Amino acid sequence: MHIACTGIAPQATEEQWIKLAEPSAAMALLLGTPYPKPYLDMAWRLLLINHSHDCMMGCSADKVHEDMMQRFSEAKSLGNEILRRSLAETVKKIDTSSYSPDSVLLVGFNLLFRPRSEVIKVAVDLPPDTRGNAIVVKDPQGREVPVQMLRSEQKGCYLNGDGFLKSVTVRRYEAYVHLE
């Protein structure tokens, strides 16, 4: 059996690193979070090992392609974790003292080096008794942001609390939100 390497995994993994993992780590660094250099180096090393001529052109044995796909998977997992941790650390630095304690804050990140305006799809889990018409989205300056509700449904999910997973029921709202 021959495993074809289509170029989708390499491109998607590289774009994840260039457009998401590294910019989020740099943003977190500017706010005082240590830069995850050893993990970034490890992932780039995995990607570069996959760039030899015979590997990329599908001219090698099946085992070589299986190993390549494993390295892409590991690099992608590292990228996801660096992105998650960097954004979580950045969110911790946001001053939320001007918001009421019962506010639910939705944070959007622009990882480009230029301003942008975009409509994004969001999913927000709130307590099951929350009413959809009570949802208002505001930007950091306090202006209302356009929102188009798509659906609302009761869902079961698990929360991590004190190291244990706990089953809870939430109301999941899906909406389009215009961010600037």
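Ser-24 is buried, because its relative accessibility is 0% (buried means under 20% relative accessible area, exposed over 50% and partly exposed in between, with a 1.4 Å probe and protein chains only). The model is predicted: local features need pLDDT of at least 70 and side-chain atom pairs count only at pLDDT 80 or more, while totals for chains, interfaces and linings use all residues. Residues are numbered from 1 along each chain as its sequence is written, and side-chain values use heavy atoms, with hydrogens and water left out.

**Overall layout**

- The chain has 4 helices and 3 strands (DSSP runs numbered from the N terminus, with helices being H or I of at least four residues and strands being E of at least two).
- Along the sequence the order of these elements is α-α-α-α-β-β-β.
- Of the 180 residues in the chain, 26% are buried.
- Among contacts in the chain with a separation of 6 or more, 66% join residues 24 or more positions apart (contact means heavy atoms within 4.5 Å).

- Ser-24 sits in helix H1.
- A polar atom of the Ser-24 side chain lies 2.9 Å from the backbone oxygen of Ala-21.
- Apart from neighbours within four places in sequence, Ser-24 is in contact with Ile-82, Leu-83, Ser-86, Leu-87 and Leu-111.
- Ala-28 is also found in helix H1, and Ala-28 is buried, with a relative accessible area of 1%.
- With neighbours within four places in sequence left aside, the contacts of Ala-28 are Thr-33, Ser-86 and Thr-90.
- Ala-28 and Leu-83 are 55 residues apart along the chain, and their C-alpha atoms are separated by 9.9 Å.

**Largest pocket**

- The largest pocket holds about 1,700 Å³ of space (a pocket is an open set of points on a 1 Å grid over the protein atoms alone, where a 1.4 Å probe fits, with protein on both sides within 12 Å along at least five of seven lines; grid points are joined across faces, edges and corners, and a volume is the space filled by probe spheres set on the points).
- Its lining has 46 residues, and those nearest the centre are Leu-106, Val-107, Val-137, Lys-138 and Asp-139 (lining residues have an atom within 4 Å of a point).
- Strand E1 (118-126), strand E2 (147-161) and strand E3 (164-179) are the elements that give two or more residues to this lining.
- E1 gives the most to the lining of the largest pocket, with 6 residues.
- By class, the lining of the largest pocket has 26 nonpolar, 9 polar and 11 charged residues (Ala, Val, Leu, Ile, Met, Phe, Trp, Tyr, Cys and Pro count as nonpolar, Asp, Glu, Lys and Arg as charged, and the others, Gly among them, as polar).

**Second largest pocket**

- The second largest pocket has a volume of about 210 Å³.
- This pocket is lined by 13 residues, with Pro-36, Tyr-39, Glu-81, Ile-82 and Arg-85 the closest to its centre.
- At least two lining residues come from each of helix H1 (8-30) and helix H4 (62-92).
- H4 gives the most to the lining of the second largest pocket, with 6 residues.
- The lining of the second largest pocket divides into 8 nonpolar, 2 polar and 3 charged residues.

**Salt bridges**

- The structure has 10 salt bridges (a side-chain nitrogen of Lys or Arg within 4 Å of a carboxyl oxygen of Asp or Glu).
- Lys-92 and Glu-89 form a salt bridge at 3.0 Å, N to O, and both residues lie in helix H4, 3 residues apart, about one turn of the helix.
- Lys-92 is exposed, with a relative accessible area of 61%, and Glu-89 is partly exposed at 26%.
- In the salt bridge of Glu-118 with Arg-116, the closest N and O atoms are 2.9 Å apart.
- Glu-118 is partly exposed at 33% relative accessible area, and Arg-116 is partly exposed at 31% relative accessibility.
- Lys-121 and Glu-174 meet through their side chains in a salt bridge of 3.8 Å, N to O.
- Lys-121 is in strand E1 and Glu-174 is in strand E3, so this pair ties together parts that are 53 residues apart in sequence.
- Lys-121 is partly exposed at 49% relative accessibility, whereas Glu-174 is buried at 13%.
- A network of salt bridges links Glu-81, Arg-84 and Arg-85.

Notes:
A polar contact is a pair of N or O atoms within 3.5 Å; within protein, one must be able to donate a hydrogen and the other to accept it, and residues adjacent in sequence count only if both atoms are side-chain atoms.
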